[in-house]
Amino acid sequence: MKHPSAFVLPLAVMALGLSLSGVAPAQQIDYDPGRADALRRCDDPLLRGRQEQASRCYRALLTRAEPLLRAEAQWALGDFQAANQAFRDAVAAAADDPRPRVRWGRLFLAAGQYQDAMRLFQEALEIAPRDYGARVASASVAAERFSGDVSDSLRELLDEDQGRIEAHLVAARVAIENGRMEEARSSAERALELAQAQRRAPLEAQTLLAAVEVIGHRDPARWTRAALAYNPRYGTLFEELGYFEVIRRRYREAEGWYARAVEVQPDLWSAHRERGLNLLRLGEVDGARASLTRAYSGDRFSTATVNTLRLLDSFDQYEFIDSRDPPLRLQLHRKEAAALRPYVAQLARQSIATFAQRYGYTPTEPVTIELYPEHDDFGVRTAGLPGIGLLGVTFGHVVAMDSPSGRQSGDFHWGSTLWHEMAHVFTLSATQHRVPRWLSEGLSMFEEWRTGPTPGVSVGPDLVEAFIADKLLPVARLDEGFLRPAYENQVQISYMQAGLVCLFAEQRWGFAKLVEFLHAFREDITTADAVRRVFAVEPEAFDAEFQAFMKQRFAPYIAQPKRWLEQMRAALTARDEKNWAAARTAARAGIELLPEFTAGGNAYQTLATAEEGAGNKAAAIEALRAWRKAGGWDPQGLRKLAQLLVEAGNQSEAAEVLDAVNYVDPLAPAGHAELGELLLATNRPADALREYQVLLALAPLDTAGANYGLARAARATGDAAAARRHLLQALETAPRFRPAQKLLLEMTGEESP
Amino acid sequence: MRRLCAAALLCAALPLPAAMHVMVVGGLGGEPQFEERFGQWSEQVASGSATAAGSPDRVHRFVGAEARREAIEGRLRQLATQLNADDQFVLVLLGHGSYDGSEYRFNIPGPDLTGSQLLALLDRIPATVSQLVVNATSASGAVLERWQRPHRIVVTATRSGGERVATRFGGYWAEALASGEADRDKDGRVTAQEAYDFAVRRVEDAYKADAAVVTEHARMAGGDAASFVVARLGGEALFAGDRELVALRAQQDEVERRVDALRAQKTQLVEDDYYARLEPVLLEMARLGARIEARLAALGVAGDRP
């Protein structure tokens, strides 16, 4: 998974935009001791799978005067609109009672409308700041949305009352998600004991206990049998097991659980939906469509279902390009497939060859790469929802990412993103998806820097500042920085830290050990144990050495943290004032302090501008070369370097630099014509042919020029027939096109070259 | 390689059959970046237009403090009396414009020029003079229909008066006048149609590259834009005066008509058959091209076009 560097959005769930209308979402068990007896009498048959009996019971409550009772009954009966109105009435009728607000918020929560839910929980807390129901609900939302560490809130709730089932359940869930399985088991067992003692449904506790077994590679039958004995139609049990597989990126295993969920409870529409979304992760489009269609038949208001079905309908606008050796499938939008295909295919093949050699593993299935020109389509493909803050995602052998046309030119390096995601394909597959998140991301970052199209350890001051502020996590807990970020840009920082941890391990123990470290995760092993086994050091010692590595690597910046920013500002100001000498001095200082900073406003490009302004083009070239070597890739900077190289007569390097632009900004026609000329001039006709083919695919205004370029490139590769045809096509459009005329006369032997 | 200077010098000695006069106005920028931009664009347009006009003397540029209403009005009045039948006139407005729902205004130092005032001045020019008016300002779309006349091609940078954001179209129009890429048929002449297509495409590409909402949609109306030459590239400007070149050009025209005729049959022919028929005609054209190039070389001008 790759994030854009510029912004962070929550990973798991964004605002659904689902209006409060239509079919009721599934109701969670209300463990509140304050739940009315009348409702609890109806809950019992419902939670035991006796739907008809439960419905009769709830219907009988619809005539009751209390709006809260009616609201709960209507929710249970699936009349969502009526429930919503009744909750509104209940809130109005009990201005000082937090409970109706908490329950109404639960309704929103079940619908996935987190902001509305949180607003109601907040209102409840304003009425009663210590209200247990509102606090546990808030913690539940935070846990579900992976928004920060909820441990303290849960501890406080449990310290206050050890007898509340839901607090133990939330604690168990959080522990599972953080890989603390013994803690999870203990919390779930406590929840089960309490449920039995309080004569409440044990289903959720049994589900979590089953999940603990599944994650520990043990048979969960004890708990699944017990849950199904209590409620033979409890499909949620398997839907949840599927969920825990998905968050561990074990999509094939998740499919098995989702299949059982809908088998046990055929009308569990959320399970059909999740199964469909998961089948898409496996690249099984037809199966996904069938499951999502089924989900839609029962729940027409699920945004994820509707969005994804619409996306699938749009697949006829895509080209599916299959190739062998290595087996690869590209899914590219028709409007840009011809232009992108050569670069995507080339980079994908190169990455497979590189990673297979480096990691001693070859993917067992064809790799599918999907590029979406609309970022929201990519969001829907990834999470069923638009608006996600990611650039690319890997689901095992399926990679989905933004197309370069989906973002502003220069906004992201699609080539690096693909390289990053392809590294995930290997790290996930090589470990049967057991690799911890931090290591998979770390190795992807590391490979971007080491072998990707933008070599160079490119990091910003945020990372060093986080290090100085002691905000970096110990290696054994690095996953938490991705799963439950505790400060604003911790996810980005964690990406950088994970990459640097891999870089450190490589430098300290060698690349072979780093590969061995990855392969250690073929077994179920914690990061701490893997560190001990492979590097033969305690995790604490590993962290201490990493600290020393960081201190050494970033020593100039750490020594004078404020100076870097001062120098950068001074350089930019001097540049704007065309005070080249001052700009040069400050930019050089900026580079010395943090050579890893290559993003927008970097000192290298400022230095190049200053050198060029002072008339020293050779020094400007050197500055831009250094920038590129450090990981710089802004297309304007690359084009500037190419221009300076051409002026200096270095066509070969200029061609190489312009070629690199294709992995950032491949859809600008002008660059291809220029590169085609350079490639012809430097005797690389096959590459020139590719450039002119791409140029023609971009429907340039100057088709005659593009065909003329194709003719020359084809001729240089020895394909006289193609050369002649392209030449005629050029002259067909522009009969007076003198260079093409000359070539025609030359090819027919009437004129000497 | 371009030899515009040589072409211009020779053109001065070899008068064109009808004169083209060009007037370029760079309006009020309001901010330094726009002042610089409009000044630069107007310079590029003036320079490119001189290749079509045959002489820089026939190009008048008003920019900065010079672009005041009195000066612009004075020059347009003067032209209205000086232009001969069959002459051509080009007006290019660069800068900011505005539209209040009833009247367009071109923003210049001092009082603005309104759309109605500009129209009245343009209408004073004899109808026998072919006109091209390029209004590349924001909100310029407001004048397209009102300014249109049978003898006048009108180009606006925006679809309507409602597109009020500063436009990029003018910069790309300026670029087209010196661009071999804009000259799609490679005949050494950039027509109004070619310049328009080039600028429109560049605007689209620029907004796409920025992933920005497109805030300008150019329009063109009236006249024969495909025949209205706005710039000449390379040695093309010489063709009109040299007898041998004129004769060769006439032969090229005849061969090109045969190319056109074949192109019209393209969909009815098998592809290989079509190109087999096309090739000898194009070879004939190429041989003429070689003779033209030889003649240009004899005149001291390289015939290569960009």
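1. Arg199(A) counts as exposed, at 76% relative accessibility; exposed means over 50% relative accessible area, buried under 20%, and partly exposed in between, with a 1.4 Å probe and protein chains only. Arg199(A) lies in the loop between α10 (181-197) and α11 (203-215) of chain A. Helices here are DSSP runs of H or I with at least four residues, strands are runs of E with at least two, and both are numbered from the N terminus. Arg199(A) is not a glycine, yet its phi is positive, about 55°. Most residues other than glycine have a negative phi, and most peptide bonds are trans.

2. On provenance: this is a predicted model, in which local features need pLDDT of at least 70 and side-chain atom pairs count only at pLDDT 80 or more, while totals for chains, interfaces and linings use all residues. Residues are numbered from 1 along each chain as its sequence is written, chains are lettered from A and ligands numbered from 1 in the order in which they are written, and side-chain values use heavy atoms, with hydrogens and water left out.

3. Two further backbone points in chain A deserve a look. Ala699(A), in the loop between α36 (685-697) and α37 (703-716), has a positive phi near 50° and is likewise not a glycine. Ala699(A) counts as partly exposed, at 47% relative accessibility. The peptide bond that joins Asp325(A) and Pro326(A) is cis, with omega about -5°; Pro326(A) sits in the loop between β1 (318-323) and β2 (328-333) of chain A.

4. Strand β5 (residues 398-402) of chain A is largely enclosed by the rest of the structure, because five of its five residues are buried. β5(A) runs parallel to strand β3 (residues 367-372), to which five bridges join it; two strands pair if DSSP finds at least two bridges between them. Across this pairing, Val399(A) in β5(A) stands opposite Ile369(A). With strand β4 (residues 392-395) of chain A, β5(A) pairs in the antiparallel sense over four bridges, and Phe395(A) has Val398(A) as its bridge partner. β4(A) and β5(A) form a hairpin with two residues between them, and Gly396(A) in that turn has a positive phi of about 65°.

5. Helix α25 (residues 511-520) of chain A is mostly covered, with seven of its 10 residues buried. Among them are Phe511(A), Leu514(A) and Phe517(A). The cover over these buried residues includes α18, α20 (414-430), α21 (437-450), α24 (490-509) and α26 (527-535) of chain A, where contact means heavy atoms within 4.5 Å. Arg358(A) lies over the face of Phe511(A), 4.0 Å from the ring centre. The criterion is NZ of Lys or CZ of Arg within 6 Å of the ring centre and within 35 degrees of the ring normal. Elsewhere, the charged end of Lys471(A) sits over the ring of Tyr487(A), at 4.5 Å from its centre.

6. Rings of Phe, Tyr and Trp (its six-membered ring) pair if their centres lie within 6.5 Å; planes under 30 degrees apart count as stacked, over 60 as edge-to-face and the rest as tilted. Phe315(A) is buried at 6% relative accessibility, and Tyr318(A) is buried at 2%. Ring pairs also link a cluster that includes Trp438(A), Phe504(A), Trp509(A), Phe517(A) and Phe549(A).

7. At the interface, 36 residues of chain B are in contact with 30 residues of chain A. The two chains bury about 3000 Å² between them, 53% of it on carbon and sulfur atoms; buried area is the accessible area (1.4 Å probe) that two parts lose on being put together, summed over both. In chain B, Lys186(B), Arg201(B) and Tyr275(B) lose the most area to chain A, together 20% of what that side buries. Nine salt bridges are counted between chain B and chain A, each a side-chain nitrogen of Lys or Arg within 4 Å of a carboxyl oxygen of Asp or Glu. Glu293(B) forms a salt bridge with Arg738(A), the closest N and O atoms being 3.1 Å apart.

8. Chain B has an open sheet of three strands in the order β4-β5-β6, with antiparallel pairing. β4 (97-99) and β6 (113-114) stand at the edges with a single partner strand each, so one side of each is left without a neighbour in the sheet.
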